[in-house]
Amino acid sequence: MTKDRKREGEIIKKIAEEFFSKFDCTELIGDIDFAVRLKRQKPDIDFADEYLLWAEAKQKSADIISMLAQLVLTIGKSKTFNKHLPPAFLGCFDSEKIAFISYHEIQDIFYQNDFNWNVAPSNHDTKEFKQVHAQIKKIVENDVPWQTFLFYFEKDEKELHKFIRENFVVGKSDISQIQIDKNNFLIIYDKWLKTVKPTIAANWDMVKKSGLIDGDFYLADLLSADNQTIVEKLFVLLRSNHYIANRHINDLGLFTESSVYFNDNQKAYSQFWTKYKRPPHEDYWDYMLDRHDLLVPQDIRERKGSFYTPRIWVEKSQEYLAAVFGMDWQDEYYVWDCCAGTGNLLAGLTNKDNIFASTLDKSDVDIMHERIKNGANLWEKQTFQFDFLNDEFLPVSKGGKLPEELYQIITDEKKRKKLVIYINPPYAEAASARTITRTGENRAGVSINRTKKKYLNLIGSATNELFALFLIRIYKEIPDCKIGQFSTQKILNAPNFKKFREIFLAKLEKCFVAPANTFDNVKGQFPIGFKIWNTEKKEHFKKTIVEVFDENCKAIGAKTYFDGINIQYINDWYRQYYDNKDRTKSIAIMNTRGNDFQNQNYIRISSDDNYNHTNLITIKNIIPSCIYFTVRKAIALTWLNDRDQFLYPNKKWEKDIEFQNDCLTFTLFNTNISTRYGVNHWIPFTEKEVNSSYKFESHFMTSFISGKIKANGYINLFENNAEKYCIKRELSPEAQAVFEAGRELWKYYHSQKNINVNASLYDIKEYFQGRNPKGKMNSKSADETYNELIGILREKLNILAQKIEPKVYEYEFLMK
């Protein structure tokens, strides 16, 4: 810690104690220096999660505008206002003064277009800093009664205490009420679910069956004034002390509706909404209604496909469609989005005569019809409810749901060739990590539908993915059409899509990939691709080079995908080294699940067997095992390589002893071996090297490295001909650096009291880092010497991994 940071810490501590002692100032948010929130008083009112102040701190006297500008850049860079409810005030202070500004006065700065938030906030010479500085200066000089927000500690102490006492109260006045906007309305919704929803006296199962969701009740609250919903087109309306829903004309021709009351006389509702200013600014209403899909529960969203395609990828996909089909493609082709949600993928298309939009949910159709009334470029008669995976392709005139014109298109061979199915289908899988690890059940919405039953035998396990079901039905039942679709890249290279690729014969005309986490509510780090298929041209997909875009839609390179139909994988290679007959000769157990990067976290070497694709490591296969482990772990998982497959290598690695020893070294310092489950055979040092106070139970690893297995009696323990597997291991300079760093760490551990002399690296980490109340190992230790030593070891391991990486490609464990 620098002296300046230490002094800043002292100032922060002093300000907290002298002026904010009644508040909680212990929790920090990202890189924000100082945060103030109420201490939790009543467990039934969730005020403690809401902050009253975020502030910048300086140890020396500093310019107020500059401090505030740095704070704004700090908040904007981390998108803190998207992750936490913004506070009533932003502020800044140094050793002599403190200043406050209402958050709502400056919040528009965070929403300006084309602003680069990735600059260093502390660099006051960037154009971004100067721009924010000028904006804040204008606000302060023109719009804010500044003299009431600036206090000097010595002369204004009494006034400062009074200001804090009167204004740091949630819900007291508009100055303390939180403004609701498009960035925080989802955060507020999550809090509403916990606080208000339980007090609504509704049968939620029946609500769900009626086609409504809890988000409809939230919108009724949100878009209201004086406890009256002011947007009449909502599915649920708030009327003073109750909601009305299910408004319709009954069988007698009479208008009817259902009333839903509160079970606590609206107490929780009243307490909750005192904290927020309703209704939001009218500029946000359309956004909140259009993004109704965000309020759909996650399980329903995954099954129904209620996912919103970001505008940048909508525009880029339409740019690609024009590149393939020509600049006049919208006049020459028909477009059908058969999982349209609320229709945002179709935004930007101009010829509404040729556009059809269908979706599973009637409520989404109603939203699209409402948008049409407000100017959306669609025809109401061509926007309809249709369950693509279950409903028959029949027109309304024959008892079906398809508009007559669309039915004519899909049943006419010539017109069908001019139909583009343009979709971002749902991505849910029947199997997830929870089902694989036996902690959950398959998702019923994926497992049961007409399309899956029909094509299960044809494409096998690919039917576990909803987007594959859309594609196979389109391919088989709307032949020769064109498809523009978003999905994962599994369709191109995943082993479980092998049968699918054998059936789905279409030319891949063009494709780009983008990070999945730029899509709505997708948390994973993997690529989403937009692919344009011409099903009229029957050909096996073999290989393609696609353009790669980053989260800002900036082109960052290209990537190759190949089908893998006639490819053998790394687990096919490792199978020849299996030695699972005798557990008594095992020195460890390795998980070998899957062949791609997304399974990287499951690959581990440990002493215990979780029976999840595990194999024994013995003296017969230790080197192939270390190569397998290193190849799977040495290259970092990124969003772009997530689906890359590890392959059956060529034979060049067999003659590269240095590569083998580098892999042995990398593995030695990356295992989960623990003495909790038995003898540790993976100690890479002798007792003398680490100043051990007692002899080790096993010297196997040092004997193996030195080529002295026979002399140390391990032949009888492990294998009758063990010496043929053992040669002296000459280490590369990079591997030696790892051993040296590891040796210093082991020596430091052995200098401690009450240790286990046979400890593995995992045991050493556990000793210093400890575990949290939930049993998870902490990420850091309070022992700074240990933190420094483990940091050096990790640095040397990273250097070794960088050396190994080119060999992984040279020996064709991975393809570029």
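Predicted model: local features only at pLDDT ≥ 70, side-chain atom pairs only at ≥ 80, totals over all residues.

Guide: Start at Ile423, which stands opposite Gln485 in β18. Ile423 belongs to β17, a strand covering residues 419-423. β17 and β18 (residues 482-488) run parallel and are joined by four bridges. There is another partner too: β14, residues 334-337, pairs with β17 in the parallel sense over three bridges. In that pairing, Trp336 has Ile421 of β17 as its bridge partner.

Now look at the side chains of β17. Leu419, Ile421 and Ile423 point one way, Val420 and Tyr422 point the other way, and all of them are buried. With five of its five residues buried, β17 is largely enclosed by the rest of the structure.

From there, move along to helix α20, residues 450-459. Its buried residues are Thr451, Lys452, Tyr455 and Ile459. They cover an arc of only 100 degrees around the axis, so they sit on the same side of α20. Turn to the face pointing away from that buried side and you'll find the exposed residues Lys453 and Asn457.

After α20 comes Gly460, with a positive phi near 65 degrees.

Ile459 also leads us to a core: together with Phe467, Tyr475 and Trp639, it is included in a separate, second core of 49 residues. Two of the residues in helix α21 (residues 466-477), Arg473 and Glu477, lie four residues apart, about one turn of the helix. Their side chains meet in a salt bridge, 3.0 Å from N to O. Arg473 counts as buried because its relative accessibility is 0%.

The closest N and O atoms of Asp24 and Arg37 are 3.3 Å apart, and both residues are buried.

Arg37 brings in Phe168 as well: the two are 131 residues apart along the chain, yet their C-alpha atoms are separated by 8.7 Å. Phe168 is found in the loop between α6 (157-167) and β7 (178-179), and is buried at 2% relative accessible area. Beyond its sequence neighbours within four places, its contacts include Phe20, Phe23, Val36, Leu38 and Phe100.

Finally, head for the largest nonpolar core, where Phe669 and Phe813 touch the most other members among 63 residues. Helix α32 (784-810) is one of the elements that each supply at least two residues of this core, and its share, nine residues, is the largest. Phe669 itself, leaving aside neighbours within four places in sequence, is in contact with residues including Pro684, Phe739, Trp746 and Leu793.

Conventions:
Residues numbered from 1 in each chain as written. Heavy atoms only, no water. Core = buried A, V, L, I, M, F, W, Y, C linked by side-chain atoms within 4.5 Å. Buried < 20%, exposed > 50% of the residue type's maximum accessible area, 1.4 Å probe, protein only. Contact = heavy atoms within 4.5 Å. Pairing = 2+ DSSP bridges. Arc of directions from axis to C-beta. Salt bridge = Lys/Arg side-chain N within 4 Å of Asp/Glu carboxyl O.
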